[in-house]
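Let's take a walk through this structure together. Have a look at it first, and then we'll go piece by piece.

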Amino acid sequence: MILEIKELDLYYGDAQALDRVSLEVGQGELVAIVGANGAGKSSLIRTIAGIERPRGGSIRFKGGDITGKPSYVVCNLGIGQVAEGRQIFPTLTVQENLEMGALLPRAREKLSSEMERVYSLFPRLAERREQFAGTMSGGEQQMLAIGRCLMGQPELIMFDEPSLGLAPALVQELFQTIRKVNEAGLTVLLVEQNVAMSLKLANRGYVIENGRIVLSGSGEKLLHDDGVRQAYLGVGH
Amino acid sequence: MKFLLDGVPRSALVLLALFFAGLLFAPMVANDYVLVVLVTILYFAYAGQCWNIMMGFAGQLSLGHALYIGLGAYITAALYVKFGVSPWIGLFPALAISGAVGALIGFLAFRFGVSGVYFAILTIAFAEFARIGFDHFTWVGGAGGFFLPVANYTQNDFFNLRGSQRMFYYILLAMTVAVFILCHLLLRSRAGYYWLAIRESPEAAEALGINIFRYKMYAVVLSAALTALGGVFFAFFYNNLFPEQVFHISRSIEIILGPIIGGIGTLFGPIVGAFLLTGLAESLREVMLRLGVDLPGVKQVFYGFCLLVVVMFLPDGVWPPLKKKLGLDRDTERKEG
């Protein structure tokens, strides 16, 4: 197991955002966490990334305890995060954005070879090397955000609602990209509201409701679960 | 020297050299009045540059930089008057204390997630604490003011910073050049890039693994300490300190007008802004004087007007478009102007 989370509790003041969340992600897996708005998906990602501090429970990455460690430590251990809402640097060029992704000690040395790898993965970014990131389309910005995250050479990459605000055609493309990233050997933890597509893509999935994991299993199994179909896919009775 | 000049276009170097030579020889031709105006300009250029480290580079809005000016001024002045400590020695505790106060404000804000306008309000609050505190701090004169002994100096006493305006002018010019070079180097350093990331998007910076707390703290402490050095100069040049003036919010605003009008986050913005604002304001005053019109507060109205024009027509400040006009290419100097 590359990531093991046990009994994680997170509070914002008195409001509980995560309630004894436990989950596991195996090396090379693509795991989806699905749920409605406000279910705690983003909170979970942010807690793993070290941006929020949990009140209880533990997070282990590659066997080492990272519970409550600050984000810059977690990042440097090899957990990359594509934050919600395409947090790119709009006034920097594509190339500079990618360079910013490689500022961790673990990534600095291989900057140029990684850059080539990212450009070959996203030829569109290579064409727009010198363009200001803020002037690109939403889909291209999302690619850039992913590319920049890859520049940090993570072993586990977490996506927080990557399809948010993208046109349906682009969402298709995005999910293909996530699959490609996973096939290249990276472990992926995907948080999504787009339940059908992410469960189709994922090896395994977890359903989160009100800060609790209510269901888990293979993507296929969850897709055919009556409860999931009724609650998230708008089909059933 | 080479590392300083790397990637700066030749045309920019020539202009910069001419500009610097002009400043260097200005006191030879300037009369006393013009010299005081130039000192004022350099003072605002210096202080604006210091403020720019915090706001322009790291994106943390301070509206209370008068606090650091005041601390630097009071600490060195008190050490000099009470204990005869040379300001060149007194500036060390002054810078250290100001930096520490900056660190305290930064810690309170960044540790507890205070940002944006709330951070700005916090900086105002601390400047106001200081203003009211020093009003009642009778050891350094309280509200009645604190004065440095002034005599008719026949010779410049560099060690004790007593002497002619010309001496002060050159000291301030050296400070302004030094802080300019420092900022130039900072922008190209790792810290400079981290600040840029934090300014543009704190969330993205955090996701990239930047220790945003630490780098915001660096910006605040550095800005505070350097601003305090401006305060040291302020005290020994003007020779009198009143809490109501030194720590007043209008002082903080004056400091930030230059960089805003010149161009926030650019290297030349604070300098261009200081020249424009002070130069034009003094010219205006001169014209009013010649015309025999006496309108108190006309300078403030003028500042307001300048701010309005810049915000409406040049939201990036005067320097970025001016730089384009001068043909100083953006590729080589883009992020620093």
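How much area do chain A and chain B bury between them, and what share of it is on carbon and sulfur atoms? Keep in mind that we're looking at a predicted model here. The two chains bury about 1800 Å² between them, and 59% of that sits on carbon and sulfur atoms. On chain A's side, A:Y72, A:F89 and A:L103 stand out: they supply 28% of the area that chain A buries against chain B, more than any other three residues.

Now for who takes part. Chain A brings 21 residues to the contact, and chain B brings 19. What sort of polar links turn up across the interface? The rule finds 3 residue pairs in polar contact between chain A and chain B, with both residues of each pair at pLDDT 80 or more. As for salt bridges between the two chains, the count is 0. Looking at chain A's touching side again, helices α2 (71-77) and α3 (94-101) each supply at least two of its residues. Sorted by class, that side of chain A has 12 nonpolar, 6 polar and 3 charged residues.

Find B:L229, which lies in helix α10, running over residues 212-238 of chain B. Which residues does B:L229 touch, if we skip those up to four places away in sequence? They are B:Y46, B:L91, B:L95 and B:M175. Take B:L91 from that list: along the chain, B:L91 and B:L229 are 138 residues apart, yet their C-alpha atoms are separated by 6.9 Å.

How values were computed. Residues numbered from 1 in each chain as written. Chains lettered and ligands numbered in written order. Predicted model: local features only at pLDDT ≥ 70, side-chain atom pairs only at ≥ 80, totals over all residues. Heavy atoms only, no water. Helix = DSSP H or I, 4+ residues; strand = E, 2+ residues; numbered from the N terminus. Contact = heavy atoms within 4.5 Å. Buried area = accessible area lost by both parts, 1.4 Å probe. Salt bridge = Lys/Arg side-chain N within 4 Å of Asp/Glu carboxyl O. Polar contact = N/O pair within 3.5 Å; in protein donor to acceptor, adjacent residues only side chain to side chain. Nonpolar A, V, L, I, M, F, W, Y, C, P; charged D, E, K, R; others polar.
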